[in-house]
Amino acid sequence: MLALVKTTAGPGLSLDTVPDPQPGINDVVVRVRKTGICGTDLHIEAWDPWAAKAITPPLVVGHEFVGEIVEVGSNVYDFHPGDMVSGEGHVVCGVCRHCLAGRRHLCAHTIGLGVGRDGAFAEYVALPVTNIWHHWPGGDEEVAAIFDPFGNAVHTALSFPILGEDVLVSGAGPIGLMATAVVRHAGARHVVVSEPNPFRRELAMRMGATIAVDPRERDLGDVMRELGMVEGYDVVLEMSGHAQAMRDALGVMAHGGNMAVLGIPTEEVALDLNEIVFKMLTIRGIYGREMYETWYKMTVMLQSGLEIRPAITHRFGFRDFEAAFAAARSGDSGKVIMDWAQ
Ligand code: NAD
Ligand code: ZN
């Protein structure tokens with residue numbers, strides 16, 4: 001099959017012919033139809049210090065996908081060839097305390113699809129059946145392809161009560177954009193999006209933001225007061241990974257406020273803990289998606305009118321992967337989709 005492969009320890013990816021994946025008895029094989037490019041894929045392509053530490057070539061990259069089951073292992077009964085599915089990209093150990101208790105997102109031994117095992121930027125991908133999510137008939141295929149990052153957005157956005165709350169979304173990358181639509185759907189009052197990139201600020205308005213501001217030009221406290229918020233932001237979704245964004249947010253949070261941190265900083269972040277202590281804030285780290293409560297919530301919110309399609313801005317055939325990666329890297333993009341079915 002054709003696959004996008006990190007062949008050697010250095011920058012770049014190549015479209016190579018590699019052996020088809022062989023399913024174990026508990027695995028399914030999926031013929032990939034569409035994939036999404038994630039920031040993780042950009043790190044691996046660029047071979048930055050994180051990638052050099054985390055990746056052992058050769059590796060088929062990619063983890064956001066939708067496709068059709070073509071083969072199931074002899075121990076798989078509930079999934080069948082022809083089913084339209086996506087994959088949960090975190091393959092958990094199944095035997096640790098949290099896995100046994102059904103809290104699989106807390107597994108400390110997670111192996112990432114397209115990071116620690118061959119991924120989905122390929123004509124076929126194999127995964128354990130416990131990592132497969134069955135899509136409802138008639139669902140949008142492009143949206144199905146990005147259930148993984150959509151799940152990051154939903155997991156973060158719904159980690160605290162949202163109904164009637166004033167929310168600050170820090171960073172309107174693809175995940176912040178989707179989270180904006182989710183908190184709007186979940187009944188937030190004001191949704192303020194902080195994002196330096198004007199292209200993304202405009203997308204944030206289309207996703208339902210009350211206002212999208214450039215944090216270099218606008219003080220988040222002024223924005224708050226202009227909107228008539230008195231006590232501060234009730235909920236912050238940190239989706240930038242930038243230290244200054246987190247410090248700015250802490251300064252304008254309401255007492256008793258909640259912050260969910262999804263963004264991954266590239267270095268240590270210094271924070272004034274007094275803000276956390278005296279405001280009695282709760283700060284929660286978010287990794288991946290809850291298996292499979294987040295997937296369930298994604299599905300039913302789409303069925304009840306949540307619209308995330310405006311977050312998808314670019315589409316390419318997989319042979320144009322270099323252009324697709326360039327679009328994702330440019331910043332003037334939301335989600336970038338590669339089509340493997342052509
Ligand atoms: P992204 O990097 O495209 O988006 C980050 C956005 O933050 C950019 O649009 C950038 O312009 C903006 N930004 C930069 N400085 C800012 C500031 N001071 N204030 C506000 N915004 C600022 O990434 P994404 O794909 O949307 O992912 C968001 C973050 O979540 C990234 O840090 C990513 O690494 C991380 N992530 C975490 C998980 C997890 O499981 N925890 C999963 C996927 C991605
Ligand atoms: Zn485990």
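Which of the 21 residues around ligand 1 come nearest? In this predicted model, where local features need pLDDT of at least 70, side-chain atom pairs count only at pLDDT 80 or more and totals for chains, interfaces and linings use all residues, side-chain values use heavy atoms, with hydrogens and water left out. Residues are numbered from 1 along each chain as its sequence is written, while chains are lettered from A and ligands numbered from 1 in the order in which they are written.

The answer is Ile 175, Glu 195, Arg 200, Ile 286 and Gly 288; a residue is near if one of its heavy atoms lies within 4 Å of the molecule. The shell splits into 11 nonpolar, 8 polar and 2 charged residues, with Ala, Val, Leu, Ile, Met, Phe, Trp, Tyr, Cys and Pro counted as nonpolar, Asp, Glu, Lys and Arg as charged, and the others, Gly among them, as polar.

An oxygen atom of ligand 1 sits 2.8 Å from a polar backbone atom of Gly 288, and a backbone N or O atom of Ile 264 lies 3.0 Å from an oxygen atom of the ligand. Of the 850 Å² that ligand 1 exposes when taken alone, the protein buries 80% (Shrake-Rupley method, 1.4 Å probe).

Then there is the zinc ion (ligand 2), held by the SG atoms of Cys 93, Cys 96, Cys 99 and Cys 107 at 2.3 to 2.4 Å. Along the chain, these donors (N, O and S atoms within 2.8 Å of the metal, or 3.2 Å for Na, K and Ca) follow the spacing C-x2-C-x2-C-x7-C.

Terms used. Polar contact = N/O pair within 3.5 Å; in protein donor to acceptor, adjacent residues only side chain to side chain.
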